Amino acid sequence: MRSLRFMSAEALVSDTQRIRKDLGSVAHNLFPLLFKAGYLQEQGDVIHDLVENWPLPELNLGELLGRTADHPEDLSSRACCVCLSSCLAGLRDYVLNRSSPYAKRLRTVDLTGIKDVEVQLCPCKKTLGRWARTELLCKTCFDLLVDIQRLQLGPGLAEIAVDVLVDLFVTERSYELAVQALFLRPHSPLKIHCVAFRADNLAPRKLFYITKLAEPASLHRFEVVHNVRLEMEHLQVLLNNVHFPRLTALTLPSRTFDVRRFPPEDEATLASIGEKLSQMTRLTELSLPFSPLTGRLRRLLCPLKTPLKVLDVSNCSLNHADMAYLANSLHSNHLEALDISGHDVTDLYPSTFFKLLNHSSHTLKSLTLEECNIQDIHVNMLILGLVPCRKLEALKFLGNPLSFRGLKCLFNIFVDFPRLKYVEFPVPKDCYPNDISYPINEADLSKFDRQKYERLAEELHAILLEAKREDIEASTPLYGSYDAAVQETGSELGSVLLKSFRDALESFSMALREIN
């Protein structure tokens, strides 16, 4: 419930001309309250002026927009384009404002608290995603230096230094702008400091260069994803030349490792990478999707001195030895999130897989088992494995050949998990033609009886309602969970893939002509 203070702040910011006129007489401790009220009402001009005249040492968006005693609603998931653009424009004008530099107390701006979600509740419905925020911030910093030179501002600007904490997201399209902003950081009053760094659609050479500019010694998260051709040799060069002492989370693109084409000398390279990872003493999250590591998981993870809490080894072609290592490793007793999709866990290594579940049952909060060939005959076994996991909050098992009957059995035990909030379940096998084969290819994924699915899904949801577990969200996202980053840069990546396909066709045609 909103406090009287917050309702008064809402009334004040709704009168844009008055608040802008009287801002100089507003008590400093009311600025955070007015900021949240202005953000809620999408008052871009008010937000701009509040930031331009910010009287406090810190401006932390996550804290300003989060739950407070005056307004318990969390607004940090509103990546509102109007509000965030106004905030950055206000930050630029904070520096350019000709008031005495001694009156400027702002030292830190933290932009990392904004969450990108699928459904935006802000009135404008226009988002400024992580990639767009990166681009706008870099442009703001670069344009600020141009304005300082153009306006020939006095030497007092040397007294202004504001650290801007950000989760940077760079692709080929924004690379040059990001490099300029990071390279000129020592000369700018707004100093970009990366807490997290995500790269997509970059050549390894560009990735190495911008990583060094991003101050890797202070990075907490480092994500290299999708269309970055980072092979094991590239990774070794990167880790030999760049150190990540504070890194807590590392994500690598598909095919970074591929033991199927390992020459003997690559065994030493893999061991070397494992040793480099062990030097990241704060590393607790590791994502290695679609990197075939058959029989080599131990070599990569065993050197780690800190137990992993998050591990993604989906579609890594793990064998029994890998699963046995994982089940008996230091990590198994600390795992909070595990993605082991793409492995036939119930047929190939059921005992070791369920041993892994048992060891992690006291900590496991999220489990992903997509396309694991889990069938109705495995349901009772799966239930026995899941029952000890009382802290489970999310379970995803899309793409498994389960009938409505099998799903019904699972839903009947879901109601007994006290912390379970989110479930992704497959379209029942009953809804597909009899000749469908699993895993279902993308072209056939949507070829099911939708009316039958709606009826069966309604019955499954009825099980939750009858048990008074309306708090469990159960859905079937056919093409996987929402990914804000992919959604935002999908058009650029699509263009790159299309160009690669055209280049491949041209090379193939040229080769045919040479043969003829």
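Q: Which residue does Arg296 meet in a salt bridge?
A: This is a predicted model, where local features need pLDDT of at least 70, side-chain atom pairs count only at pLDDT 80 or more, and totals for chains, interfaces and linings use all residues. Residues are numbered from 1 along each chain as its sequence is written, and side-chain values use heavy atoms, with hydrogens and water left out. A salt bridge here is a side-chain nitrogen of Lys or Arg within 4 Å of a carboxyl oxygen of Asp or Glu. At 2.6 Å, N to O, the partner of Arg296 is Glu267.

Q: Which helix holds Glu267?
A: Helices are DSSP runs (H or I, at least four residues), as are strands (E, at least two), all numbered from the N terminus. The pair links distant parts of the chain, 29 residues apart. Arg296 sits in the loop between strand E7 (285-287) and H12, while Glu267 is in helix H11.

Q: How far does helix H11 reach from its first C-alpha to its last?
A: The expected span is 1.5 Å times one less than the number of residues. H11 (residues 266-278) has 13 residues, and 18 Å is expected. The model comes out close to that, at 18 Å.

Q: Is Leu121 buried or exposed?
A: Buried means under 20% relative accessible area, exposed over 50%, and partly exposed in between (1.4 Å probe, protein chains only). Leu121 lies in the loop between strand E2 (108-110) and helix H7 (130-151). Because its relative accessible area is 54%, Leu121 is exposed.
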